[in-house]
Amino acid sequence: MASLATMLPLPPREDYRDNSMWVDEQIWGHRLWDSESPWLLFLEFLNVAEASKRNGQLFANGGHPLLFKPYKRLHLRNILFNNEVLTRISERYPESGSAWKAWLDWMSVNAKGVIPRDFAYLKGRFHSFQQFVSLVGILRGSAVESETNKRWSSRFVFPFGPNALYEDLNITAAGKVSREYIYFGRTGELLYLMLCRSKKKDELASRFAAMLSGNNQWNKLLALFQPDEAEDSETRTNSFLPYIAHPVFDLLTEDWLHVLSLELPGFDVMPHLVTLAAFHVMLYQLRVSSELLSKPLHFVCEVVAPKKTLVRELSAFNYQENSLLSQKAVEAYLVGITSSERWQLARSESSAFAACKAILEEQFRWPNDPEDYEGCSEPDALAAELRRAAISRHKQHVASVHRQYGRDVGLVSKRGTNRLRYAPTDALLKTLVLANVSRRIEYKEFLYLLFTRYGLVFGEREAEHVLLHEDFEKKAFQTNSHRLEQRLSSLGMLRRLSDACAYVQNPLARGQS
Amino acid sequence: MISQSATRWIRFIRQYGPIPRNDNMYDEHIRKSAKRAGIRPLAFVHPVEQDALAQFALARKDRRSVILTGTAGDGKSHLCGKIWALMGGSENQWTSDDVYHTLDIASGDKSLKVHVIRDLTALPAHDAKGRYAEKAELLTRFCDGLCEPDAKDQFLIAANDGQLVETLQRLPTTDNVARVRTIVESLLVEGRRESPEFKLTLFNLSGVPCVVLFDLALDAFSSHEGWSECYASSVSDGFFGERCPIRNNHELLKSPLVRERLRSLFELCDCNELHVPIRRILLLFANAILGHEDAKDRLMQAADVSTFLQKKTTAKASLFNNLFGGNLSEVRRDSLEVFDYLNRFRVGHETSNRVDNILIFGEADENLKPYFDKLLRADTMYGADDSYYAAQRSYVEGDDADPANDHFLRLLVSQRRGLFFKIPPDWEEELALWELTVFKYAGEYLEKVLKPLRQGGRVERPFLARLVKGLNRIFVGMLVSTDRDLLLATSISFSSSKISQILEDRIPVTPRLNERVELVLKHDKPTLNVQFSPTISASLPLNLTRYEFLSRVAEGALPGSFSRECCEDMLAFKSRLLSCLIERRLSEGVAASNTVAFHLLTLDPAGNPLDDVVEVTHG
């Protein structure tokens, strides 16, 4: 449970010179980043996991300290994503020898971030240039989120195994390489830390060790595209997660383990791991917020209906309330200090302003810069300015995690209306069933499970629990629940015995025939 | 003059129909009503009756507790009553409002207490007569008794399946209760009657195929002596005369062709795992015979016949329309599952050009005239009558926006329904009978798949080939024409992508080594079985909807159409097949090699898949 009491102490200030204050970071960690899509979140995480495994430290030590050396794989990335000329050369030079020469010449001038710009090692490894080209085409086709228009150095091949993993980089036209935390915004690192601190981390480690061994055709194929020499890698560090333990960490691990235990063929499990990760990070942000505020957290979910219903109204209202939770949590956190005895004492001193300012600098590392505060020397005014600045900073990124991740995983949507509310997509429902149902579970029990684990409200029993008496209408929620049954049925996940009796089943469970 | 007994008979079967009524204690109500009218109630021997009663025969030594479950209207109360009578229980006691009854029986040299709970939902939490302290205590006693070898109690419990599961869930958990819960749940879901663990037999009355109940019910209904009373009392141009709709409907329902077609619909409901309880089957018959849009409660009484004959509105009593609830209000019709299920076939709304041409132009067109004459003109009751000709003429000659067209289009629905029951067997293929329903392949499913399999034979090649082609199109996501092998393809990220171009393996339909694809019968249902090795296989039960879906995809429909659920089912099946493949590879121990090889699928113009092998050696 999160509260001021269970947070870890602040990490060393020297490591975080670029942080203009330390508020969001202490509540949720460094850092929650809204512009990180679920796949990118997962890829960032995989890079940390793979690097840790290489060190023999997969999920070990609670991630204290987190130091890892991810791959860069610049040769591979140039070939796959910085290479528009490939097809042209292949068409112009039908003879393999001349095609190779033309292409290698082009690469020796145009490849970026690679020194020396020598790709000759590729020649002997492929049957012909044409074969090389068709393989590149297939691998490019596997790219994750290929429809977005990102810079080439932020495009990622499907994570077949260690040979496919590399960190996000910025590469200038001049070829200068640097790590920018725009797409890999560090939330993947937080994810890794969360798993390190879950109860079942050892079991998870053995599952992931298998996945990260790269014992499949595609991973082996990728090795062919990369030179034999080891690359220079840099040590990455400085992620911070403020809790040694938290129920959400365990919830995520359990869900992941459950989906992994289904032993789906090939890489089928990946999209589910991705969705669950982002879903749980969102849940983490909200749960920590609600705990700091001592408020309950739930999500009234509408199963999309053709017209407006009471459930939709309540869901939209619920969404609005939840959207404000994190901001209120920040305020509560600040007030926790400024209403403390220590602060009151400092205020009553003769040099009140200096004393109070010292407290803020210690707790929040603010003011950081003379420009941060140019007002009068009044403790209350100082505190008010901190509050204003902290909220403003919070709204830039961390506040949007609920909306952004919620939309990305398919929980939050405007479908059929013009307001955001909770309307789970079929894909999300499917993932939740795979994560929670071993073989089958009676339908009403399933609804209850979704409620106790995640706070999702679909049916009348759970709604009655969380809603105010005047807001609750039994019929509306019964209809909502009935629609959920139909949705699950159309996904092949509901087995109906009779009008009164239905079971949610997992069609991909082992031993099903 | 219509005789008293004929009027009473019609009034009695009207009770079975969709009149507004409280469904509780239905069985009781019918029996009392029958007794008052001096009529023998409709009855037949339920398929499980013998086995259920056997458990309670006084001479029986090895006694098992019995749970009768199923949905409302399956005959649970009725069976309980029979068991009670068999054991010598008092009829007066049974007809009281009491839900819980006990009887002490001498079994061998021991004394045994038989507990009968007539309706688990209605069992009061506390017993007024003090026979049990609390409902939960009584049921816990039941669970305990099952787990002990030497029990002194035998239970007979009748409960709806939903209520059964929920009540067991609510009991305070003990070891015994938990064991009973798990076993009962698996018996229900897996469709079994007994488990070696306890002395318990679960009869799920919803598991009895409704086609079996249909046969029994229809025999009981159509051959009841009440009908002879009606014949005896016929009035020449009134009740039970030649043009009496009630009489015509009764005779139609008895006629072999109508019966056969209706029976097929029930058989197909079974094939789609839709269960119609006995109560609703009888409701269907009553409505079919007596239905009329203008009558009170939409069901005719004996006295209505002459009125409708005079008004010339007998066409509204068409059996063909009544069978689909056409005489009822939309709300009523939608609320009754038997009409919901039968209407899912969309009989009346689906059609083909050929059929509609006969209906609209048949009278005038010389090629179509023979069909029109036999199917419509010859049917003087419900076929083409004057109002039909008038509407038809105005439709053909009138202009598009004419509101009278709606009227004709509604008449067409009724006529198409009639055709479904009138097209004789030798015209079935020519007129594509099953295209009058949404399951175009239903006829084939019944005749060419279900029937041969149930007779222990095999299904002809072309039908299996078509299914394989349909599966291939879904698995690969392209219009492949392969029907000799099952193509197991993935895309290189995850196997549920739209197009899967990497061919992992092919499983031949014709047996080769240990691999084959075949249609077999499992749990009395057609099932597609894919064999990978002597020990590794995966199967897909083929209900009617899945069969229809795959056949349509094979003939060109997109996987996203017709049924979303089926598409998901097929993708889940593909996932299972790929898992089997991996399992087999592991067991065969594929040697680690330096070669990376895979097969890329592309199609030639004819839709034949071309295998492009890409091989790269490294290391």
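This is a predicted model: local features need pLDDT of at least 70, side-chain atom pairs count only at pLDDT 80 or more; totals for chains, interfaces and linings use all residues.
1. Start with the contact between the two chains. Chain B puts 37 residues into it and chain A puts in 43. Together the two chains bury about 3,400 Å², and 58% of that lies on carbon and sulfur atoms.

2. Charge pairs also turn up at this interface: five salt bridges are found across chain B and chain A. For scale, the count over all chains comes to 77 salt bridges.

3. Staying in chain B, have a look at helix 7 (residues 161-170) and helix 8 (residues 175-190). They pack at an angle of about 160°, and their axes are 10 Å apart. Angles over 145 degrees count as roughly antiparallel, so that is the label for helix 7 of chain B and helix 8 of chain B. The crossing of helix 7 of chain B with helix 8 of chain B is left-handed.

4. Which residues do the touching there? On the helix 7 side of chain B you have D161(B), L164(B), V165(B), L168(B) and Q169(B), and on the helix 8 side V177(B), R181(B), V184(B) and L188(B). Sorted by class, the contact of helix 7 of chain B with helix 8 of chain B has six nonpolar residues, one polar and two charged.

5. Further along chain B, helix 24 (residues 544-554) and helix 25 (residues 564-588) meet in another way. Their axes come within 10 Å and cross at roughly 85°. Helix 24 of chain B and helix 25 of chain B are therefore roughly perpendicular to each other. From helix 24 of chain B the contact uses T545(B), R546(B), F549(B) and L550(B), and from helix 25 of chain B it uses C566(B), C567(B), D569(B) and M570(B). That makes five nonpolar, one polar and two charged residues in the contact of helix 24 of chain B with helix 25 of chain B.

6. Over in chain A, helix 12 (residues 310-338) packs on helix 14 at about 135°, with the axes 11 Å apart. Helix 12 of chain A and helix 14 of chain A are therefore oblique to each other, and helix 12 of chain A passes helix 14 of chain A in a right-handed crossing. Y333(A), L334(A) and I337(A) of helix 12 of chain A meet I359(A), Q363(A) and F364(A) of helix 14 of chain A. Five of the residues in the contact of helix 12 of chain A with helix 14 of chain A are nonpolar, one is polar and none is charged.

7. K357(A) pairs with E361(A), the closest N and O atoms being 3.9 Å apart.

8. Then the backbone. Most residues other than glycine have a negative phi, and most peptide bonds are trans. The loop between helix 14 and helix 15 (379-396) of chain A deserves a look on both counts. R365(A) sits in this loop of chain A, and phi of R365(A) is near 55°, a positive value in a residue other than glycine. P367(A) lies in the loop between helix 14 and helix 15 of chain A too, and the peptide bond joining W366(A) and P367(A) is cis, with omega about 0°.

9. One more cis bond to inspect: H30(A) and R31(A) are joined by a cis peptide bond with omega about -10°. Where does R31(A) sit? In chain A, R31(A) is placed in the loop between helix 1 (24-27) and helix 2 (38-54).

Notes. Residues are numbered from 1 along each chain as its sequence is written. Chains are lettered from A and ligands numbered from 1 in the order in which they are written. Side-chain values use heavy atoms; hydrogens and water are left out. Axes are lines fitted to C-alpha atoms, for helices over the stretch in contact, and angles run from 0 to 180 degrees between N-to-C directions. Helices (H or I, at least four residues) and strands (E, at least two) are DSSP runs, numbered from the N terminus. Angles under 35 degrees count as roughly parallel, over 145 as roughly antiparallel, 65 to 115 as roughly perpendicular and the rest as oblique. A crossing is left-handed if the near helix is turned anticlockwise from the far one by less than a right angle, and right-handed if clockwise. Contact means heavy atoms within 4.5 Å. Ala, Val, Leu, Ile, Met, Phe, Trp, Tyr, Cys and Pro count as nonpolar, Asp, Glu, Lys and Arg as charged, and the others, Gly among them, as polar. Buried area is the accessible area (1.4 Å probe) that two parts lose on being put together, summed over both. A salt bridge is a side-chain nitrogen of Lys or Arg within 4 Å of a carboxyl oxygen of Asp or Glu.
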